[in-house]
Amino acid sequence: MEPLSSVLALEPTSQVLGKEPIVPFAILLIILLVVPTLFERLRLPAIVGLVLAGLVLGPSGWNLLNTESPMISLLSNIGLVYLMFVAGLEVNLELWRRQRRRAFGYGFFSFAVPLLTGILLGRILNFSWNASVLIGSVLASYTLLAYPIINRLGIISNRSVTTTIGATVFTDISSLLVLAICIPTFQQGISNFSQILPLLGWLITYCIVILLGFDWLGKEFFRRSGDDEGKKFLFVLLTVFLAVVIAQFIGIERILGAFLAGLAVNEAVGEGPVKEKIIFIGSVLFIPIFFINLGFLIDVPGLIHNLAILKLTVLILVGLIASKFIAAWLAKFFYNYSWQEMLTIWSLSIPQVSTTLAATFVAYQARLLSVDVLTSIVLLMLLTVTVGPLLTSRTAVALTTPPVIEAVTTLPEQHVEEIHNSNFTIVVPVYNPHTQQYLVEMAALLASQAKGRIIPLVIATAAAQMDAPQLETTLQKSERLLAKATAHSQALGVEASPLLRIDDAFALGISRAAKEQKASLIVMGWGKRTGLRARLFGNVIDNVLWSSHCPVAVTRLVESPKKIQRILVPIENLITPTLQPVQFAQMLADANQAQVTVLNVCDRRTSSSKIAARRSQLASLVAKLALPNSPEIQIIAHENAAQAILQAARLYDLVVLPFIRNRTSPGSLALSDVTTQLASQLTCSIVMLGEPQRLQTPTITPGVSNTATVVNG
């Protein structure tokens, strides 16, 4: 494509824009805002759009940006480090420990076969031994880009899937170690094994120090930091860049240090708001700029006129697909997997994103790999991120699943008649006087069903430095809210015991009060969960969801709960079912004499016999809840789960959804879940029920002495 500047006979645009660094940064922000959204609507990976955007705006396209800009180079390098750090942070170590033997076995197959294939291809194409080994190692790793698909299909617990997920630890570390050896060997001209021994010694020492030292340091820091998320966030960022600095100081590739840092602080960070914010910043800013920078490096004229690049791309693609297939077949042979499981393993291991691109980019910067190889790997990435998930969606549909893990959901042991003898206490923190009436009504319905009581709660936020007049004003406002909520409770014929609490944080005050009251449920009014400010600094809903010891129900009520007659409860999968939304819905339905429908959406290609089996399985699960009135069971075959639920919800007054935290596959940018799509499009009342992150919680069934908490927003 001819540069736009030459067509217009003007001074090169990059030279003009290069004088004002803020201008290219603004252009990058526009790309980050528009391109991923556009490609997601086209049902294409956002990565593809970012690379194409870099290609169009770079030297091969309009030449709109100065690709040699220090600012772009810095942001791209941070994105590269961030990409590998997130890859280590997102590794499921617990799953790897449970499946470490099979994960190690398949990891070895998935690394060794592509490695040998890449070496063979490199030697055939007259690459050096160093370059050939490196090409093989970058093909050995893979990215779990299809994780949302297997999660939606409910096959996460399948033995072949857990093995494939666990094997990523072995393949990523092995690929990065090969890179860490190949580049110094190339740069220093090392020609015999004795010269490599010092490098191996440094590598082993570095890995031990980072993995063990940073792991201990992270756990100690998090334990001593309490609830200060800001300090935890800065500490995690410090660990990754400290690991990178140490790596560069001793001559080890920085992306290995970033990945090891992610593994080291993995357990300390856990699943929480700190991890969510770390991944959010990387996925919306730094990592996308790295992909845009990759687009800058693609030489389109050279690609068109140089058939060697296309030949290399085809050979690498065929070698990758064949070697991954052989590795999956070896896993089938040694571990007795079925053909369907083997094909699923194969499809999951095809996408090449994080480690593959990072290692190739670093090798290109070190001049170990040529621009032709870099271009071929980028094209390989664009193809595999599109084909891999598509193959997974087709091969994993009919995958057999293990028996349902019943321990995931705590089921009530009490009979229905014991409900009326329980001491079911509902705490109702109130904040918004415009929405508190409906929330108090919902609490009253639940309390009356169990013959329990309500404790209206108002959190008066006050800092330690707040003077007496300010505190007095806050207390007076809180007392007015409390009096109004108490009056609503008493008008509904429910016993009310008001409670006023002074705390320095509203969300943590709610969680602490719920813990003190031995609450088994927190219900909050709807609030804005998206947007830059909410994602960076959090909000009341997110903070309570992360910090609560008990289930949290976030409600958006468009009418009085007393008018609710039909309740829909979608269940995403049957492998690790969360049945607490069914319990919640049935309690509310019993108070209103309403009807509950439990809905499961399966793939449209699912056979009628398997649909019948799913209906039977779901019915048996619901039956174990020992509910007084059995919900209706409905199975729908549809290609889009969110659309199927939206269509069904038109006939219902309330939809009870499980709260599902987003999981971001490294390099795949942000991934939306079904719950997020539904919450933004449903027009009826919604209750989004989330469970505590770490501890297994009691059910919300009032068969034992417990407490529920309700918050209006």
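Because the model is predicted, local features need pLDDT of at least 70 and side-chain atom pairs count only at pLDDT 80 or more, whereas totals for chains, interfaces and linings use all residues. Residues are numbered from 1 along each chain as its sequence is written, and side-chain values use heavy atoms, with hydrogens and water left out.

The protein chain contains 29 helices and twelve strands; these are DSSP runs numbered from the N terminus, helices being H or I of at least four residues and strands E of at least two. Of the 713 residues, 56% are buried (under 20% relative accessible area, with exposed being over 50% and partly exposed in between; 1.4 Å probe, protein chains only). Among contacts (heavy atoms within 4.5 Å) with a separation of 6 or more, 82% join residues 24 or more positions apart. The chain exposes about 30200 Å², of which carbon and sulfur atoms supply 60%; accessible areas come from the Shrake-Rupley method with a 1.4 Å probe, and for residues only the protein chains shown count as cover.

Glu 94 lies in helix α6, which spans residues 93-98. With a relative accessible area of 44%, Glu 94 is partly exposed. Its C-alpha atom is 9.2 Å from that of Glu 267, a residue 173 positions away along the chain.

Two loop residues were also examined. Asn 336, in the loop between α17 (307-335) and α18 (339-348), has a positive phi near 60 degrees although it is not a glycine. Asn 336 is exposed, at 60% relative accessibility. Gln 593, also not a glycine, has a positive phi of about 55 degrees and is situated in the loop between α26 (580-592) and β8 (595-602). Its relative accessibility of 65% makes Gln 593 exposed.
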